[in-house]
Amino acid sequence: MTTLAPAAPRPADSLRDTATLTGRILRHWRRRPVSILLGLLFPVLMVLMFGYLFGGAMAVPDGDYMDFLIPGMLAMTMLFGLEAMVVAVTTDTAKGVTERIRAMPVTTTAILAGRSTADLLNAVVGIAVMVLTGLLVGWTAHRGLPLTLAALGLLVWLRFAFTWIGIYLGLLLRTPESAVSVQVLVWPVGFLSSAFVSPETMPGWLGTIAAWNPLSATATAIRYLFGNPDWNAQDWPTEHSVALALIWPALLTAIFLPLAARQYRALSR
């Protein structure tokens, strides 16, 4: 007797399942608004702290430090979502939610895509909060709507890559307690960049690492697209920041998306 292989899922089925699982996550967030609000306001607190407490000691050539800081904080906000993603994935795994969803008649890709889509929606809200904060403290974009939208698109593109890193790490670590270790990764990556200061102010080897940081590429690129001041370093990463802001997330996604999918398939082993 011949056993027929299960039919491949149709694109419409995957999209429907992705929308359903995205909605599940959004409804879960709606039941805990305080934690979501705190996550959105934390970057605002950092803007106020760095802009008004430390900003007086920062001298940006041909510009104001707040105009330099806001694009850097927009990029940092994309990185901050990595911790929340890891905690969310490990929590679902530890509580058995992931296994229950896997037992349902939903497409495998939709399970991970739903998590990624919800995170990107959260990132868009985070960008809106930061842009509003920037406008309130005197920041502005100077190069018109098309380039401003291009800069915002680079931010979402960076968050998309970080989302898959977070999903992979969450599936790898599996417990919320172990997810705390991700903070050890997030903060050095964030501060070892051009988000707050120029890599030129760092020791030579450290400045080189900071200049090639994916976060630095996006921060520098969006400063250029917004028409905001930078330190104008004459090095390859700065002069090609827009290209790097496209390449780095593509490379990270190409690495971590397959790793996340493979780790997800390995959960039941």
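Here is a short tour of the charged pairs.

Analyst: This is a predicted model, where local features need pLDDT of at least 70, side-chain atom pairs count only at pLDDT 80 or more, and totals for chains, interfaces and linings use all residues. Residues are numbered from 1 along each chain as its sequence is written, and side-chain values use heavy atoms, with hydrogens and water left out.

Side chains of opposite charge can pair when their charged atoms come close. A salt bridge here means a side-chain nitrogen of Lys or Arg within 4 Å of a carboxyl oxygen of Asp or Glu. The count comes to 4 salt bridges.

Start with Asp92. Its closest N–O approach to Arg24 is 3.4 Å, a salt bridge. Asp92 lies in helix H3 (residues 65–94) and Arg24 in helix H1 (residues 11–30), so the pair ties together parts 68 residues apart in sequence. Helices are DSSP runs (H or I, at least four residues), numbered from the N terminus.

Asp92 also bridges to Arg115, with the closest N and O atoms 2.5 Å apart. Arg115 sits in helix H5 (residues 108–136), 23 residues from Asp92. Shared partners join Arg24, Asp92 and Arg115 into one network.

Now the cover. Buried means under 20% relative accessible area, exposed over 50%, and partly exposed in between (1.4 Å probe, protein chains only). Asp92 has 13% relative accessibility, so Asp92 counts as buried. Arg115 is buried too. Arg24, at 27%, is partly exposed.

Another salt bridge joins Arg16 and Asp17, at 3.3 Å from N to O. Arg16 is partly exposed at 46%, whereas Asp17 is buried at 5%.

Terms used. Helices (H or I, at least four residues) and strands (E, at least two) are DSSP runs, numbered from the N terminus.
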